[in-house]
Amino acid sequence: MVQKNLPKTTGLRTLDPMKAIPHDDMVKLLKLCSEWRHNPNLVMQFGNVEAEIEFFASLVKADGWLKGDHIDLGLYLIRKRQQQLEEVEISDWTTIDVFFMNHIHTCFADNKRKKEQVGWKIRTSLVNVVNGKVPACGLDWQNTYKSLKEELGPLSITIPNLLHTLDFYEEGVYANECTRDWWCPWPIHRVDVPQQANQGDCGMFVLKYIELLSAEIPLATCTSQNMPFFRLKLAAEIARGDAYIP
């Protein structure tokens with residue numbers, strides 16, 4: 001028999017969403033739960049998040065609601081993995097965090113009373129996100145090609161104003177490629193994607209959408225039946241401080 005040399009695959013395309021959680025990580029997670037069981041008031045640090053027992057309880061239990069800290073930690077681990085890979089085939093993307101949406105809504109509320117779109121006051125906190133300064137392991141939007149395609153009304157109006165403030169369409173890869181007036185709201189499209197079957201899995205669906213779509217992996221595994229496994233896997237990744245690398 002002759003060994004066949006297969007082409008080497010690198011980057012996120014080798015990501016297996018259903019890959020089993022390593023045994024050692026499961027043991028570590030169980031020990032963590034045991035510590036909380038003996039000391040319910042124990043507070044642990046994961047990244048920038050101080051977590052109590054309820055943090056992991058709501059994460060791993062069925063229909064548990066994921067809060068902003070869950071989403072932000074999950075997104076941080078995805079971005080961190082992207083930067084850790086030596087060769088990333090799909091690296092022209094980044095994510096925001098929950099704090100960004102809070103500021104988008106505030107900025108929108110402050111400026112929507114104006115009759116014209118010109119002259120919006122854009123917060124420095126939003127500018128820092130576009131420049132890749134925050135959140136941690138972020139990427140300058142000038143270095144990305146995948147931008148937000150579906151969001152709510154405040155995003156469709158506030159983001160064009162934010163980008164105009166930074167001369168976004170006059171510099172970088174998008175220079176002279178803008179065919180629409182900058183003040184025109186971005187269109188909002190509803191796409192056909194897998195839907196949750198309960199009241200609590202929305203946060204996990206969002207995280208898996210971002211993880212799989214950024215790696216150009218089909219959403220076939222993003223089902224309600226797989227959410228308990230994805231919840232447990234995220235808990236193990238948070239406990240170890242890194243997302244699993246293919």
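Is phenylalanine 229 buried, partly exposed or exposed? In this predicted model, phenylalanine 229 has a relative accessible area of 23% and is therefore partly exposed, the limit for a buried residue being under 20%. Phenylalanine 230, by contrast, is buried, at a relative accessible area of 2%.

Five aromatic pairs were counted in the model. In the pair formed by phenylalanine 229 and phenylalanine 230, the ring centres lie 5.9 Å apart and the planes meet at 50 degrees, so the arrangement is classed as tilted. One aromatic cluster is made up of Trp36, Phe46, Phe55 and Phe56.

Phe46 and Phe56 also belong to the largest nonpolar core, which comprises 35 residues; together with Leu32 and Ile238 they have the most contacts inside it. At least two residues of this core are supplied by each of H1, strand S1 (44–46), strand S2 (49–51), helix H2 (53–60), helix H3 (68–84), helix H7 (202–214) and H8. The largest share, seven residues, comes from H8. Beyond four places away in sequence, phenylalanine 46 touches Leu32, Trp36, Ala51, Phe56, Leu73, Ile238 and Ala239. A second, separate core contains 19 residues, among them Met101, Ile104, Trp120 and Leu163.

Helix H1 (residues 23–38) packs against helix H8 (residues 227–240) at an angle of about 85 degrees, and the two axes are 9 Å apart. H1 is therefore roughly perpendicular to H8. On the H1 side, the contact involves Asp25, Met26, Lys28, Leu29 and Leu32, while H8 contributes Leu232, Ala235, Ala236, Ala239 and Arg240. Of these contact residues, seven are nonpolar and three are charged, with no polar residue present.

Conventions. Residues numbered from 1 in each chain as written. Predicted model: local features only at pLDDT ≥ 70, side-chain atom pairs only at ≥ 80, totals over all residues. Heavy atoms only, no water. Axes fitted to C-alpha atoms, helices over the stretch in contact; angles between N-to-C directions. Helix = DSSP H or I, 4+ residues; strand = E, 2+ residues; numbered from the N terminus. Parallel < 35°, antiparallel > 145°, perpendicular 65-115°, else oblique. Contact = heavy atoms within 4.5 Å. Nonpolar A, V, L, I, M, F, W, Y, C, P; charged D, E, K, R; others polar. Core = buried A, V, L, I, M, F, W, Y, C linked by side-chain atoms within 4.5 Å. Buried < 20%, exposed > 50% of the residue type's maximum accessible area, 1.4 Å probe, protein only. Phe/Tyr/Trp six-rings, centres within 6.5 Å; stacked < 30°, edge-to-face > 60°.
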